[in-house]
Amino acid sequence: GDGVAVITLNRPERMNALTGTLLREVAACVRRANEDPDVKLILLRGSGASFCAGYDLKASAEAKEVRGAEAPGQGTEEGMRVRRYEREAWA
């Protein structure tokens with residue numbers, strides 16, 4: 001196509017707040033875009049009225065209560081991987 005990979009955060013009910021799962025999904029999308037030689041630009045956008053409210057502390061706390069998951073820092077490694085993109089990125 002047009003050389004643009006579009007990644008959309010799709011949690012408008014939570015203002016696209018990030019969770020460990022969402023960070024892993026975004027990292028996988030960025031990885032696929034980096035592997036595609038036709039992609040020249042990665043466009044990250046949020047659905048709904050907000051781009052991204054930051055890390056979803058409520059979901060992290062609930063996950064910890066239910067499954068004994070890690071504290072709110074969970075997903076940090078995935079977030080660092082997303083920052084290591086090889087193409088121009090606009091958010």
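Reader: What makes the meeting of the Arg11 and Asp56 side chains a salt bridge?

Author: The distance and the atoms. In this predicted model, the N to O distance between the two side chains is 3.1 Å. The cut-off is 4 Å, from a side-chain nitrogen of Lys or Arg to a carboxyl oxygen of Asp or Glu. The pair of Arg11 and Asp56 therefore qualifies. Side chains of opposite charge can pair when their charged atoms come close.

Reader: What makes the pair of Arg14 and Asp56 a salt bridge?

Author: Here the N to O distance is 2.8 Å. The limit is 4 Å, so this pair passes as well. Arg14 is in the loop between β1 and α1, and Asp56 is in the loop between β2 and α2, so this pair ties together parts 42 residues apart in sequence.

Reader: How many salt bridges does the count come to by this rule?

Author: The count is two. Arg11, Arg14 and Asp56 are linked in a network of salt bridges.

Reader: Turn to Asn16. How do you know whether this residue is buried or exposed?

Author: The relative accessible area of Asn16 is 0%. The limit for buried is under 20%, so Asn16 is buried. Asn16 lies in the loop between β1 (4-9) and α1 (20-35). Beyond four places away in sequence, its contacts include Leu9, Arg11, Leu22, Gly46 and Phe51.

Reader: What makes the approach of Phe51 to the side chain of Asn16 a polar contact?

Author: The backbone oxygen of Phe51 lies 3.3 Å from a polar atom of that Asn16 side chain.

Reader: How far apart are Gly46 and Asn16, in sequence and in space?

Author: They are 30 residues apart in sequence. C-alpha to C-alpha, the distance is 6.4 Å. Gly46 is part of strand β2. Its contacts beyond four places away in sequence are Thr8, Leu9, Asn16 and Phe51.

Reader: Which residues make up the largest nonpolar core?

Author: There are 11, among them Ala5, Ile7, Leu9, Leu22, Val26 and Ile42. β1 and α1 each supply at least two residues of this core. The largest share, five residues, comes from α1. In soluble globular proteins, nonpolar side chains tend to be buried together. Ala5 touches Ala33, Val39, Leu41, Ile42 and Leu43, leaving aside residues up to four places away.

Reader: In what order do the elements of the protein run?

Author: From the N terminus, the order is β-α-β-α-α-β. That gives three helices and three strands. Among contacts between residues at least 6 apart in sequence, 77% join residues at least 24 apart. Buried residues make up 33% of the 91 residues.

Reader: Where is confidence lowest, and where is it highest?

Author: Helix α3 (residues 76-83) is lowest, with a mean of 52. Strand β1 is highest, at 96. Over residues 71-75 the pLDDT is below 50. That stretch has 10 contacts in the model beyond near neighbours in sequence. Where pLDDT is low, the predicted coordinates should not be read in detail. The protein averages 81, and 70% of the residues score at least 70.

Methods. Residues are numbered from 1 along each chain as its sequence is written. This is a predicted model: local features need pLDDT of at least 70, side-chain atom pairs count only at pLDDT 80 or more; totals for chains, interfaces and linings use all residues. Side-chain values use heavy atoms; hydrogens and water are left out. Helices (H or I, at least four residues) and strands (E, at least two) are DSSP runs, numbered from the N terminus. Buried means under 20% relative accessible area, exposed over 50%, partly exposed in between (1.4 Å probe, protein chains only). A polar contact is a pair of N or O atoms within 3.5 Å; within protein, one must be able to donate a hydrogen and the other to accept it, and residues adjacent in sequence count only if both atoms are side-chain atoms. Contact means heavy atoms within 4.5 Å. A nonpolar core is a set of buried Ala, Val, Leu, Ile, Met, Phe, Trp, Tyr and Cys residues joined through side-chain atoms within 4.5 Å. pLDDT is the predictor's confidence in each residue, from 0 to 100.
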